[in-house]
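Biologist: Hi! I'm new to this one, could you walk me through it?
Modeller: Happy to, let's bring it up.
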Amino acid sequence: MSGAVERLHLHPRWGVATTVLLPDDFHDFPDGVERSEGISNFLQAVIPARAILVLKDEGTGIVRGSFRTQRDDVDVGKLAALLGGGGHRKASGFGIPGKIVRTGDRWKVV
């Protein structure tokens, strides 16, 4: 799962750190999907960001997003709800149809 750290990007304007996991990241480990579940918690513990967003493309046609925060002034549950997901103030998630692709120096879901 080293790809998640290599692709980590801090968006200073919003104070949000994002990263993506791609289908190849899951091929390296037989338990890759389960192993990836803790990445957002780990990154939140070590990255000084207001919130963390991990986008996971397992190659199924659904991109799963996982938001985490440790701050009381951020409600990631509301962010996930805007994308059709749910959760609570400090941990939430969503799923959207598509796949993650790189366009220039950015990642996007198409």
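Modeller: This is a predicted model.
Biologist: Why would residues a few places apart point the same way?
Modeller: An α-helix has 3.6 residues a turn, so residues three or four places apart end up pointing the same way.
Biologist: Switching to the sheet: in what order do the strands come?
Modeller: The order is E1-E2-E3-E4-E6-E5, six strands in an open sheet with mixed pairing. At the edges are strand E1 (9-11) and strand E5 (86-87), each pairing on one side only.
Biologist: Is E5 parallel or antiparallel to E6?
Modeller: E5 and E6 are antiparallel, paired over two bridges. Gly86 stands opposite Gly93 in E6.
Biologist: What about Pro97, is that one buried or exposed?
Modeller: Pro97 belongs to strand E6 (residues 91-97). Pro97 counts as exposed because its relative accessible area is 66%, and the cut-off for exposed is over 50%.
Biologist: So what does Pro97 touch?
Modeller: Leaving aside residues up to four places away in sequence, Pro97 touches Gly61, Ile62 and Val109. Pro97 and Ile62 are 35 residues apart in sequence, yet 4.4 Å apart in space, C-alpha to C-alpha.

Conventions: Residues numbered from 1 in each chain as written. Predicted model: local features only at pLDDT ≥ 70, side-chain atom pairs only at ≥ 80, totals over all residues. Heavy atoms only, no water. Helix = DSSP H or I, 4+ residues; strand = E, 2+ residues; numbered from the N terminus. Buried < 20%, exposed > 50% of the residue type's maximum accessible area, 1.4 Å probe, protein only. Contact = heavy atoms within 4.5 Å. Pairing = 2+ DSSP bridges.
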